[in-house]
Amino acid sequence: MIITVASGKGGVGKTTVAVNLAIATGATIYDCDVEEPNANIFLKVNLQKIEDVFLMNPVFDLNKCTFCRECAEFCRYHAIAVLPSDILFFPELCSGCGGCKIVCKHDAIEEGKRKIGEIYHGKNEIEIYQGLLNIGEARATPVINQLKKHVDKKGIAILDAPPGNGCPAIETMHGSDFVILVTEPTPFGLHDLKIAVDIVRKFNIPFGVIINRYGIGDDSVEKYCNGEGIEILMKIPYSREIAELYSKGIPFVKEIKEWRKKFVELYEAIK
Amino acid sequence: MKQIVVASGKGGTGKTSIVASFASLTKAVFTDCDVDAPNLHLILKPEIIEKIPYEGMEVAEINEEECIKCGACQKACRFGAIENFMVTEEKCEGCGVCMLVCPVNAIEMKKRVNGYVHVANTRFGEFVYGLLIPGEEASGKLVALVRQKAKEIAERKDKNLIIIDAPAGIGCPVIASLSGTDLAVIIAEPTMAAIHDMERILEVAEHFKVKAVVCINKYDINEEMTKKIEEYCRERGIEIIGKIPFNRKFTEAMVKGKNIVEYDKELADLMKEIWKKVEDMISQK
Ligand code: SF4
Ligand code: SF4
């Protein structure tokens, strides 16, 4: 079973839920927040790099190139500029679609690999896979995509999604059996939750909501969920103890025993 | 004209609350570039003057009647967006390769509206923000459009400052928010996760040659970690422009749709001090 833990708004406790749920159920965690992976800060597994992630980029053979501009005209990302006797290529704009090589009639384009990220793996009591996007790279989705190839459907796979409602978050939840949307009971939390709900509904994925830091803010998130018939799976109260454990990178199911049971029940409920 | 971006790497460190408070302290054009989850408008309460549709990447469409099911498009698409001779729209990057390889011209690239740029007035002045239609792609380009609009307005209204609320992360919309700015204010939080993320966003700022300073929010939830941030910054010559305590009044103000300067006198004084430092830094440049 694949469960994605997502949240429209960042910093509302997505990784906390993913990690605690994984520890309570013995699931494998996939940290798909490849821009800022945090799950292993709580798991402290010794990670090994297992793969590099590459994007295919064009390499131009200026001896064969006639500077006809066909490639630049095709490229919808404006990654190629053709000068009278030179080519400028902007790798950070290139999607790696390979179209320029296909349109080139003069066989002047080959493809080369450019590294944009890495995949890590490690295991102690918990098994974790993690993607990491290189600094300065814009495209997180190819890293997420490659990371997701390791997802084992037979066991319990928990995907820690990146925050927001953009393409990296959507790429992560694609193909999941269930999505847990984590939010906080504030106007910001509610606003971003509504967008996230629109998305999971559009993709027809069963989902439920966890309200973290319950007790701060107001009751508008609860009212919204009740009004929309959305199940509130769990409420995690705001507590200084939980916040402090979080700041130190300690998953709170390890220190507060009754929570382990609650996370097991959570899994039973969504299974 | 100067541009300041407020970023954090990790989400939820209080970036938007801090940007909202700056709105009370300076005359600038404000922008929210967190286009897939914008929040600043909830405090600034904009009166929208103009809503500009944004067309991002096109998306492939296969004409069922003309398709001969040869599979050429499926093989050529590097993004796995075509399955069973159908396009999965949210995976399509709009590259146009399928259209190029289709032997019977059964594929067309369709334009579509991916989101909107809102130009608005608020009780603090001009505000530009982007909003992506849920599930749509290409947020980096929408960010660029928001910034371009903000620039036009600043020029027209003779304002010499733009303040940008950036999204979380370090990828495409963050790079689009950060590149070409004069100063990045990084909002950190004394937790292990936030420190890790702060280090990554500082590297991104350095990569794009944007000067960065750090502001520590909720510094008293773990003073030991706060010391670590201070040490890290000192070693690298990064200035810490302020430390904000954890205070429920930030959430209370948010619930009331106000910024903290409007809501609490004491915290307002602190925010003024922090803003003063930011102002000094950009006028030095
Ligand atoms: S591979 Fe695609 S995106 Fe990259 S330069 Fe060629 S046409 Fe442009
Ligand atoms: S336009 Fe590009 S990404 Fe979209 S379906 Fe065609 S080949 Fe795939």
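Student: How much area is buried between domain 1 and domain 2 of chain A, and what part of it do carbon and sulfur atoms give?
Tutor: In this predicted model, about 430 Å² is buried between domain 1 of chain A and domain 2 of chain A, with carbon and sulfur atoms giving 41% of it; buried area here is the accessible area, taken with a 1.4 Å probe, that two parts lose on being put together, summed over both. On the side of domain 1 of chain A, the residues that lose the most area to domain 2 of chain A are A:N134, A:E137 and A:R139, which together make up 81% of what that side buries.

Student: Before we go on, what are the ground rules for the numbering and the model?
Tutor: Residues are numbered from 1 along each chain as its sequence is written, while chains are lettered from A and ligands numbered from 1 in the order in which they are written. The model is predicted, so local features need pLDDT of at least 70 and side-chain atom pairs count only at pLDDT 80 or more, whereas totals for chains, interfaces and linings use all residues, and side-chain values use heavy atoms, with hydrogens and water left out.

Student: Ok, where do the domains of chain A run?
Tutor: Domain 1 of chain A covers 2-45 + 126-270 and domain 2 covers 55-115, with bounds that come from an automatic or database domain assignment. The centres of these domains, taken over C-alpha atoms, are separated by 40 Å.

Student: How many residues are in contact there?
Tutor: In chain A, 4 residues of domain 1 are in contact with 7 residues of domain 2, where contact means heavy atoms within 4.5 Å.

Student: And how many salt bridges cross that interface?
Tutor: The rule finds 1 salt bridge between domain 1 of chain A and domain 2 of chain A, a salt bridge being a side-chain nitrogen of Lys or Arg within 4 Å of a carboxyl oxygen of Asp or Glu. A:R114 and A:E137 form a salt bridge in which the closest N and O atoms are 2.5 Å apart.

Student: What about chain B, where are its domains and how far apart are their centres?
Tutor: Chain B is assigned domain 1 (2-53 + 135-284) and domain 2 (57-112), and the C-alpha centres of these domains lie 40 Å apart. In chain B, 5 residues of domain 1 are in contact with 7 residues of domain 2, and the domains bury about 370 Å² between them, 34% of it on carbon and sulfur atoms.

Student: How many salt bridges and polar contacts are there between the domains of chain B?
Tutor: Between domain 1 of chain B and domain 2 of chain B the count is 0 salt bridges, and the rule also finds 0 residue pairs in polar contact, with both residues required to be at pLDDT 80 or more. A polar contact is a pair of N or O atoms within 3.5 Å; within protein, one must be able to donate a hydrogen and the other to accept it, and residues adjacent in sequence count only if both atoms are side-chain atoms.

Student: Switching to the chain-chain interface, how much area is buried between A and B?
Tutor: About 5,000 Å² is buried between chain A and chain B, of which carbon and sulfur atoms give 60%. A:R76, A:I135 and A:F188 supply 16% of the area that chain A buries against chain B, more than any other three residues. The contact takes 61 residues from chain A and 62 residues from chain B.

Student: How many salt bridges and polar pairs does that interface have?
Tutor: Across the interface of chain A and chain B the rule finds 5 salt bridges, and 27 residue pairs are in polar contact, both at pLDDT 80 or more. The side chains of A:R139 and B:E93 meet in a salt bridge at 3.0 Å, N to O. The largest share of the side of chain A that touches chain B, 8 residues, comes from α7(A), helices being DSSP runs (H or I, at least four residues) numbered from the N terminus.

Methods: Helices (H or I, at least four residues) and strands (E, at least two) are DSSP runs, numbered from the N terminus.
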